[in-house]
Amino acid sequence: MSVLKRDMWRTMSRTVGAKLYSLVISVLTLTLTARWLGPDGRGEYAAVLAWASAFVGIAHCSLAEVASQRLSGHAQHEERFRSVAMALVYACLALSGIAWLVALLLWHLRPEMFGQLSPGLLALALAYLPWMVWEIYGTVLLIMSERIVLANISLVLGRTLSIACVVLAVAVWDLGVVGVLLAGLAGQIVVSSGAIWLVWRRCAQGLPSWPAIRAEFKPLLSGSVRLHLNALGSILLNTTGTLMIASTVGMREAGFFQLAQQLMNVLLVVPQSASQVLYGRQGELGPDGVWPLQRKMILLIVLLTTGMGLAVALTGSYWLPWVAGPGYESAAPLLLALVPVLVFLSFSSIMASQWIGRGLFLSTSVITLIVGSVNLLVASILIPRLGIMGAVYGQMCALAIAVLTNGGMAWWCERQFRLHSVKVAE
């Protein structure tokens with residue numbers, strides 16, 4: 001095995017370790033909040049976080065993905081990096097402010113959209129906005145700079161602080177949902193700090209000029225226009241199920257679905273870590289250069305994720321009541337139902353770098369929007385009839401389309417690689 005491959009697998013294993021730690025903390029947080037808040041409190045917490053995620057999903061404008069394409073092959077070029085990084089800093093502040101104004105306007109014009117959520121809880125959840133948006137932007141900067149270790153350290157420290165604050169806020173001070181949200185916010189700030197330090201360090205010798213920063217806004221915004229429908233599709237895929245269950249079936253059932261969904265998403269740590277490493281190598285080698293390794297990783301990682309998902313789902317009836325406490329038995333069958341969703345997502349996750357690295361922003365957006373729209377359509381029909389399972393079937397139908405398109409993309413990448421190899425041999 002070459003030194004490059006060993007380094008990539010070593011980096012991926014460390015990233016998997018950091019993400020596993022983060023997800024263990026997430027599972028522990030799920031366990032503690034499920035027990036201490038109860039099904040109703042947990043449902044309220046799930047609903048308010050779903051709204052925060054929806055606003056973040058729209059507000060980040062997919063600038064991180066466009067920035068990764070701008071830095072692909074140029075991540076060590078200081079002038080390019082500084083200009084892109086500072087453009088993302090200004091964009092984060094501006095877009096967060098706009099999102100807050102939109103949320104305030106919606107609250108005054110259509111308060112029924114938020115159901116029974118209190119304005120205080122919603123405002124607290126929206127305080128996450130700039131930090132969550134910056135985590136998205138900052139993670140790309142860290143990955144493209146191949147400073148994944150720094151990203152891992154920030155993640156571990158932030159999640160450790162978060163769980164410590166959860167215990168204090170809920171078990172000691174009895175602050176309920178408010179306490180859990182405050183604890184999560186404290187951890188989120190620390191998670192985002194690694195990228196802040198990176199930008200400060202690389203810009204310490206001089207900030208880029210305003211014309212240089214402004215010059216980066218044009219390609220970033222141009223790419224965002226083509227790509228950001230992808231974010232809307234992701235919102236339709238990932239959050240509408242919880243929100244529709246909360247408004248149609250009830251907060252308690254929304255808590256069950258979100259709990260099962262988060263527990264299964266824990267297992268996406270392997271494909272997500274692999275994707276991060278591939279993005280990092282792509283910053284130096286480009287999408288064609290990284291494909292030979294990527295194609296070998298796809299089957300291995302999808303099979304590994306499938307095995308983990310089946311093991312967790314088949315044993316769920318034994319450990320879930322112990323983990324979440326009494327009242328959550330209804331979530332156990334959902335774990336097995338969500339295994340196909342997990343497998344489809346793992347394949348899509350590891351293929352994402354090829355779409356973004358090749359600048360196929362519009363294609364990515366159209367496909368993801370179709371996938372999200374199918375989920376919304378199927379879920380809106382089935383949830384009133386089947387309850388929680390309607391949301392599961394909606395995701396299955398939608399992600400089947402994603403598997404077909406990513407399979408086609410893998411075939412195309414392999415074909416391009418072979419054609420290039422033949423030309424080099426000649």
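Buried means under 20% relative accessible area, exposed over 50%, and partly exposed in between, using a 1.4 Å probe and protein chains only. The legends below describe a predicted model, in which local features need pLDDT of at least 70, side-chain atom pairs count only at pLDDT 80 or more, and totals for chains, interfaces and linings use all residues. Residues are numbered from 1 along each chain as its sequence is written, and side-chain values use heavy atoms, leaving out hydrogens and water.

**View 1. Arg-295 meets Glu-414 in a salt bridge.** The closest N and O atoms of the two are 2.8 Å apart; the rule asks for a side-chain nitrogen of Lys or Arg within 4 Å of a carboxyl oxygen of Asp or Glu. Arg-295 belongs to helix α12 (residues 269-314) and Glu-414 to helix α17 (residues 388-425), so the contact ties together parts 119 residues apart in sequence. Helices here are DSSP runs of H or I, at least four residues, numbered from the N terminus. Arg-295 is partly exposed at 32%, whereas Glu-414 is buried at 16%.

**View 2. Trp-51 and Phe-55 sit four residues apart in helix α1 (residues 3-59).** That spacing is about one turn of the helix. Trp-51 is buried, with a relative accessible area of 14%, and Phe-55 is buried too, at 9%.

**View 3. Trp-210 and Phe-217 form a tilted ring pair.** Their ring centres lie 6.2 Å apart, with planes at 55°; rings of Phe, Tyr and Trp (its six-membered ring) pair if their centres lie within 6.5 Å, and planes under 30 degrees apart count as stacked, over 60 as edge-to-face and the rest as tilted. Trp-210 is partly exposed at 45%, while Phe-217 is buried at 18%.

Conventions: Helices (H or I, at least four residues) and strands (E, at least two) are DSSP runs, numbered from the N terminus.
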